[in-house]
Amino acid sequence: RCKNLSVSFWNSYWMLPSDVCGMNCFWEAAFRYDYMKTHPSEKMHLAVVACGERLEETVTMLRSAIIFSIRPLQFHIFAEDQLHESFKNILDDFPYEGKVNYTLYPITFPNESAAEWKKLFKPCASQRLFLPLILKNVDSLLYVDTDILFLRPVDDIWSFLGKFNSTQIAAMAPEHEEPRIGWYNRFARHPYYGVTGINSGVMLMNMTRIRRKYFKNDMTPVRLQWGEILMPLLKKYKLNITWGDQDLLNIMFFHNPESLYVFPCQWNYRPDHCIYGSNCKEAEEEGIFILHGNRGVYHDDKQPTFRAVYDAIKNYSFGDDLFHSLLQPLELELQKTMHTYCGRVYKVFVKQLTKSIRDLYARRSKG
């Protein structure tokens, strides 16, 4: 079930000088370079859960991961049975030149409570909660929703694992930057992490630590492990939660805040960061690193800026020149969206993408 595919990877990483992106960028790049030197052959594990009409969206996400990433990738694709053959046909046909592996898994929940988990929020959405229990031999994992697009190497978010302190087991971004438009702080009927809650669309996990940890909770004075706490949480809060598994994660990290590493908003940039005016300062300064097109914005005309990026990556042919076949056409499309709030800041959508393309060609020229 595990297929060898081909994509080019390079062993060195080109760092932009500090006068291009500032000292913060320089030191971040230096840390990333050191981490990669000490973990040169580490395989990066990426998981996604796809159900219903999410095949094309998932494949586009995987394409974005492949384009820029440096080290080997292992995809863990959890999908409904009827999607497996389509995934296999598409992924086996990708014209790689190196090595990427993928494994397809069925959607599975604990037998005694499968019906409850399946109907929580959206079909299959809560599958992510069980990844530490299913992928028992995987030490660390990056989970992403199907509507994610990588605008820089997966290696860079993977390197956050090296920044975890001794108590941290996972990393996510805040749900909102601006409390005045926050959902959790205005409407939630359950505990949530921090000021505005966390978004689970991009979730980096040290799964070995997750499996070992005993979690504080508000159901019993006894701490419970990951596999023990999920069902009691659902039973207690199922009438109060709106966003399903994400709400359960918020409750869990509310009681265990020391266990979470919070990364900035440009690692999980969503329409909420621009439709009410720009409110992700890190993206304004450095560009968007990971784009999250929730609310279906890749497939309607409500947010044409997001759709333009999605279409550009979906239509890009591997091997074509990235400047002429992806970046330049995308910039022309983005300029047409300036009548929208997100379109007014369209340059944040290509700022990091431009750097990623330059980095990729610099690595090719060196290696």
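1. Buried residues, meaning those under 20% relative accessible area with a 1.4 Å probe and protein chains only (exposed is over 50%, partly exposed in between), make up 58% of the 367 residues in the protein chain. This is a predicted model, in which local features need pLDDT of at least 70 and side-chain atom pairs count only at pLDDT 80 or more, while totals for chains, interfaces and linings use all residues. Residues are numbered from 1 along each chain as its sequence is written, and side-chain values use heavy atoms, with hydrogens and water left out.

2. The protein chain holds 15 helices and 10 strands, taken as DSSP runs numbered from the N terminus, with H or I and at least four residues for helices, and E and at least two for strands. Of the contacts in the protein chain with a separation of 6 or more, 74% come from residues 24 or more positions apart, where contact means heavy atoms within 4.5 Å. The chain exposes about 15800 Å², and carbon and sulfur atoms supply 50% of this area, which is computed by the Shrake-Rupley method with a 1.4 Å probe, with only the protein chains shown counting as cover for residues.

3. Strand 7 (residues 170-174) deserves a look, because 5 of its 5 residues are buried and the strand is thus largely enclosed by the rest of the structure. Strand 7 pairs with strand 8 (residues 198-206) in the antiparallel sense over 4 bridges, a pairing that requires DSSP to find at least two bridges between two strands; within it, A171 stands opposite L204 of strand 8. Strand 7 also runs parallel to strand 9 (residues 260-262), to which 3 bridges join it, and there M172 has V262 as its bridge partner.

4. Helix 10 (residues 245-255) is likewise mostly covered, with 10 of its 11 residues buried. Among the buried residues are D245, L248, L249, I251, M252 and F253. The elements that cover the buried residues of helix 10 include helix 4 (114-118), helix 7 (184-187) and helix 9 (226-237), together with strand 7, strand 8 and strand 9.

5. A search of the whole structure finds 20 aromatic pairs, where rings of Phe, Tyr and Trp (its six-membered ring) pair if their centres lie within 6.5 Å, and planes under 30 degrees apart count as stacked, over 60 as edge-to-face and the rest as tilted. The rings of F109 and F130 have their centres 5.8 Å apart and their planes at 80°, so this pair is edge-to-face. Because F109 lies in the loop between strand 4 (100-105) and helix 4, and F130 in the loop between helix 4 and helix 5 (131-134), the pair ties together parts that are 21 residues apart in sequence. F109 is buried, with a relative accessible area of 9%, and F130 is buried, with a value of 5%.

6. F130 has a further aromatic partner in W117: the ring centres are 5.1 Å apart and the planes stand at 85°, so the pair is edge-to-face. Since W117 lies in helix 4 and F130 in the loop between helix 4 and helix 5, this pair ties together parts that are 13 residues apart in sequence. W117 is buried, with a relative accessible area of 1%.

7. F160, F164, Y261, F263, W267 and F289 form one aromatic cluster. R152 lies over the face of F289, at 4.1 Å from the ring centre, where a charge sits over a ring if NZ of Lys or CZ of Arg is within 6 Å of the ring centre and within 35 degrees of the ring normal. R63 lies over the face of F318, at 4.8 Å from the ring centre.

8. H273, in the loop between strand 9 and helix 11 (281-286), is buried, with a relative accessible area of 2%. Its C-alpha atom is separated by 7.7 Å from that of H176, although the two residues are 97 residues apart along the chain. Not counting residues up to four places away in sequence, H273 touches E177, C265, N268, S278, N279 and C280.

9. T340 has its place in the loop between helix 13 (322-335) and helix 14 (341-344) and is buried, with a relative accessible area of 13%. The side chain of T340 reaches the backbone nitrogen of G343 at 2.9 Å. Leaving aside neighbours within four places in sequence, T340 is in contact with P304 and T305.

10. R295, found in the loop between strand 10 (290-292) and helix 12 (304-315), has a phi near 65°, a positive value in a residue other than glycine.

Key:
A polar contact is a pair of N or O atoms within 3.5 Å; within protein, one must be able to donate a hydrogen and the other to accept it, and residues adjacent in sequence count only if both atoms are side-chain atoms.
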